[in-house]
Amino acid sequence: MNIWVEYFRYEESRKNTWAQIRENPKWNPPESDKILKRFCQSREDANRFAKSMEEQGYHTSIKTDGGGY
């Protein structure tokens with residue numbers, strides 16, 4: 001089974017402040033060339049890497065394929 005982390009930086013374009021919400025947030029998926037991938041040896045390695053990338057301001061998701069059984 002392969003395990004990898006997909007991560008990307010998401011810049012928000014809304015001009016809201018905490019006191020005045022002008023726009024509701026909308027999810028716009030990133031362009032596929034902006035998504036970075038890192039393959040990991042185990043789920044624990046993937047969790048550690050994803051957590052460190054989130055602390056640096058990236059959005060992360062851990063993915064796996066269905067192989068291995």
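Reader: Hi! Let me start with W4: buried or exposed?
Author: W4 is buried, with a relative accessible area of 16%. Buried means under 20% relative accessible area, exposed means over 50%, and partly exposed lies in between, using a 1.4 Å probe and protein chains only. This is a predicted model, in which local features need pLDDT of at least 70 and side-chain atom pairs count only at pLDDT 80 or more, while totals for chains, interfaces and linings use all residues. Residues are numbered from 1 along each chain as its sequence is written, and side-chain values use heavy atoms, with hydrogens and water left out.

Reader: Thanks! And how many aromatic pairs does the structure hold?
Author: There are three. In one of them, W4 and F39 have their centres 5.7 Å apart with 45° between the planes, which is a tilted pair. Rings of Phe, Tyr and Trp (its six-membered ring) pair if their centres lie within 6.5 Å; planes under 30 degrees apart count as stacked, over 60 as edge-to-face and the rest as tilted.

Reader: Which parts of the chain does that pair link?
Author: Distant ones: W4 belongs to strand β1 (residues 3-9) and F39 to strand β2 (residues 36-40), 35 residues apart. Helices (H or I, at least four residues) and strands (E, at least two) are DSSP runs, numbered from the N terminus.

Reader: F39, then: buried or exposed?
Author: F39 is exposed, at a relative accessible area of 56%.

Reader: Why is the pair of Y7 and F49 edge-to-face?
Author: Because the planes of Y7 and F49 are at 75°, with the ring centres 5.4 Å apart. Y7 sits in strand β1 and F49 in helix α1 (residues 43-55), so the pair ties together parts 42 residues apart in sequence. Y7 is buried at 12% relative accessible area, and F49 is buried too, at 13%.

Reader: New topic! Which residues make up the largest nonpolar core?
Author: Eight residues do: I3, V5, Y7, C40, A46, F49, A50 and M53. A nonpolar core is a set of buried Ala, Val, Leu, Ile, Met, Phe, Trp, Tyr and Cys residues joined through side-chain atoms within 4.5 Å. β1 and α1 are the elements that give two or more residues to this core, and α1 gives the most, with four.

Reader: Back to β1. How many of its residues are buried?
Author: Six of the seven residues in β1 are buried.

Reader: And what does β1 pair with?
Author: β1 pairs with β2 in the antiparallel sense over five bridges, and with strand β3 (residues 58-64), again antiparallel, over seven bridges. Two strands pair if DSSP finds at least two bridges between them. V5 stands opposite R38 in β2, and E6 has S61 of β3 as its bridge partner.

Reader: What about E6, buried or exposed?
Author: E6 counts as buried, at 15% relative accessibility. The side chains of E6 and W4 are joined by a polar contact of 3.3 Å. A polar contact is a pair of N or O atoms within 3.5 Å; within protein, one must be able to donate a hydrogen and the other to accept it, and residues adjacent in sequence count only if both atoms are side-chain atoms.
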